[in-house]
Amino acid sequence: WQRALRLANRIVRDADEAEDVVQELFLRLFSQGVRFDGRASYATWLHRIVTNASINSSTTPAPKSSISS
């Protein structure tokens, strides 16, 4: 968890955003039953998916909140 958080923080450059990225990533991994297939080391696999999730979070615009009167 801590290694993933440090990596995400280096990419998104915001501690709160990095924590959100890692938390959402781990929730998605566990809820979808994603399996590590062993083609690379576990550290390499985790590094890649954290990197991808961090990059995707910084390129995906945040949902706009609507305030209705």
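Predicted model: local features only at pLDDT ≥ 70, side-chain atom pairs only at ≥ 80, totals over all residues.
Local features are given only at pLDDT of at least 70 and side-chain atom pairs only at pLDDT 80 or more, while totals for chains, interfaces and linings use all residues. Residues are numbered from 1 along each chain as its sequence is written, and side-chain values use heavy atoms, without hydrogens and water.

**Exercise 1. Describe the secondary structure of the protein chain and the confidence in it.**

Step 1. Helices (H or I, at least four residues) and strands (E, at least two) are taken as DSSP runs, numbered from the N terminus.
Step 2. The protein chain has 3 helices and 0 strands, in the order α-α-α along the sequence.
Step 3. pLDDT is the predictor's confidence in each residue, from 0 to 100. Its mean over the protein chain is 82, and 83% of the residues reach 70 or more.
Step 4. Among the elements, H1 has the highest mean pLDDT (92) and H3 the lowest (86).

**Exercise 2. Decide whether Ser54 and Arg13 are buried or exposed, and place each of them in the chain.**

Step 1. Ser54 is in helix H3 (residues 42-59). Ser54 counts as buried because its relative accessible area is 0%.
Step 2. Contact means heavy atoms within 4.5 Å. Apart from neighbours within four places in sequence, Ser54 contacts Ala8, Ile11, Val12 and Val21.
Step 3. The C-alpha atoms of Ser54 and Leu7 are 8.6 Å apart, although 47 residues separate the two along the chain.
Step 4. Arg13 lies in the loop between H1 and helix H2 (15-31). Arg13 counts as exposed because its relative accessibility is 73%.
Step 5. Phi of Arg13 is near 60 degrees, a positive value in a residue other than glycine.

**Exercise 3. Identify which elements supply the lining of the second largest pocket, and classify its residues.**

Step 1. Helix H1 (2-12) and H3 each supply at least two residues of this lining; H3 gives the most, with 6 residues.
Step 2. The lining includes Arg3, Leu7, Tyr42 and His47.
Step 3. Ala, Val, Leu, Ile, Met, Phe, Trp, Tyr, Cys and Pro count as nonpolar, Asp, Glu, Lys and Arg as charged, and the others, Gly among them, as polar. By these classes the lining has 6 nonpolar, 2 polar and 3 charged residues.
Step 4. A pocket is an open set of points on a 1 Å grid over the protein atoms alone, where a 1.4 Å probe fits, with protein on both sides within 12 Å along at least five of seven lines; lining residues have an atom within 4 Å of a point.

Definitions and conventions
Buried < 20%, exposed > 50% of the residue type's maximum accessible area, 1.4 Å probe, protein only.
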